[in-house]
Amino acid sequence: MTVMSYLGAIGAAQREAMEADERVVIIGEDVEANVYGTTGAGKSRKDKGDFLEMFGSNRIRNTPISEEVIVGSAIGAAMTGLRPIVDLSYSSFLYMAMDQFVNQAAKNRYMFGGQASIPVVFRSAMFYGLNTGAHHSDRPYPMFMNVPGLKIIVPATPYDAKGLLRTAVDTDDPVLTFEACMLWGSKGEVPEEEFWIPFGQARVARQGSDVTVVAISSAVPEALAAAEVLGEDGLSVEVIDPRTLVPFDTEAVIRSVQRTGRLVIADPAHRTCSAAAEISAIVAEEAFESLKAPIMRVTTPDTQIPFSPALEKQLYPNRAKIEDAIRRVTGLMANTSNPELTSPAPRM
């Protein structure tokens with residue numbers, strides 16, 4: 001094992017994939033210059049141009065600033081034998097290529113009767129919480145969950161970032177990976193050797209017996225922090241990181257809820273039609289008899305993201321909001337000394 005940053009883990013996964021298979025190529029805006037630090041040596045932004053030197057301009061290629069062109073060309077390349085990794089920078093930029101995602105990437109295997117596969121990975125970063133304004137702060141993975149044919153991954157640790165990306169590259173279907181930019185600098189232990197994490201296999205980040213918290217992306221460390229605080233009150237909180245939203249590990253969540261009887265879902269996306277809403281519906285349908293309290297969702301309100309740092313930081317799931325929700329479903333409100341957590345909670 002070695003300690004590696006989230007960004008470093010992505011770079012390492014891409015380098016290993018390119019070394020293992022000459023069909024793997026990386027295309028996107030400024031990938032030759034290693035602007036975001038994932039096409040260097042897999043260590044930092046200072047490693048300028050290493051991938052370009054290692055693999056050449058045929059496999060590391062800059063593109064025009066046109067998401068529809070980038071995505072469409074990657075789909076065509078995948079259907080004719082390559083395995084592209086596409087760096088689309090901001091997740092909000094995916095909207096410009098919706099027709100290519102929905103009508104081409106997702107449907108072509110079906111439309112061609114299984115004669116074509118689309119082994120392409122679309123990487124994008126969710127720049128929320130960094131005061132980048134409404135046009136750059138979206139967390140759009142829920143809308144893509146509604147498109148059959150796309151796989152959706154949301155790694156929350158360096159370990160998962162590397163292992164899930166290796167699996168994505170080897171998958172014969174289009175994969176969208178949504179990275180929380182606020183996690184890019186986080187560090188953790190990652191195996192130096194190659195490894196793969198199967199899709200649809202959730203991670204139990206913390207074991208517990210009183211309440212289940214399903215946390216997505218950047219909500220994972222916030223949920224773990226809340227569980228640590230509540231542990232001092234004698235509350236045992238289980239934290240589950242789904243890692244992939246499509247496919248989703250329904251069994252892991254159901255098993256946990258059957259033991260704990262309570263469920264809180266922390267999801268950085270907007271509340272309506274969110275991943276949290278889908279998970280709530282699944283548990284209500286398949287484990288209703290196990291619930292001892294209503295399901296609670298901690299999400300971002302259905303509002304545009306303000307540029308103001310003071311306003312934006314109040315929107316997303318954080319330790320205090322998750323702790324509040326856990327206290328409510330377990331009836332521990334009387335134990336809190338924080339007046340902000342005892343006031344009636346708005347829809348989150």
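User: So a cavity is a set of points on a 1 Å grid over the protein atoms alone where a 1.4 Å probe fits but cannot get out, and lining residues have an atom within 4 Å of a point. Which residues line the largest cavity here?

Analyst: Tyr-36, Asp-87, Ser-89, Arg-123, Ser-124, Ala-125, Phe-127, Glu-179 and Trp-184. This is a predicted model, where local features need pLDDT of at least 70, side-chain atom pairs need 80 or more, and totals for chains, interfaces and linings use all residues. Numbering runs from 1 along each chain as its sequence is written, and side-chain values use heavy atoms, without hydrogens or water.

User: Nice. Which strand gives most to that lining?

Analyst: β5 has the largest share, with three residues.

User: What does Glu-179 pair with?

Analyst: Glu-179 forms a salt bridge with Arg-123 at 2.7 Å, N to O (the cut-off is a Lys or Arg side-chain nitrogen within 4 Å of an Asp or Glu carboxyl oxygen). Glu-179 sits in strand β7 (residues 175-180) and Arg-123 in strand β5, 56 residues apart.

User: Is Glu-179 buried or exposed?

Analyst: Buried, at 2% relative accessibility; buried means under 20%, exposed over 50%, and partly exposed in between, with a 1.4 Å probe and protein chains only. Arg-123 is buried too, at 3%.

User: Switching topic: how many salt bridges does the structure hold?

Analyst: There are 18. One of them joins Arg-166 to Glu-16, with the closest N and O atoms 3.0 Å apart. Arg-166 lies in helix α7 (residues 158-170) and Glu-16 in helix α1 (residues 6-20), so the pair ties together parts 150 residues apart in sequence.

User: And what about Asp-324 and Arg-328?

Analyst: Their side chains meet at 3.1 Å, N to O. Because Asp-324 and Arg-328 are four residues apart in helix α12 (residues 319-330), about one helical turn separates them. Asp-324 is buried at 5%, while Arg-328 is partly exposed at 30%.

Definitions and conventions: On a 1 Å grid over the protein atoms alone, a cavity is a set of points where a 1.4 Å probe fits but cannot get out, and a pocket is an open set with protein on both sides within 12 Å along at least five of seven lines; lining residues have an atom within 4 Å of a point. Helices (H or I, at least four residues) and strands (E, at least two) are DSSP runs, numbered from the N terminus.
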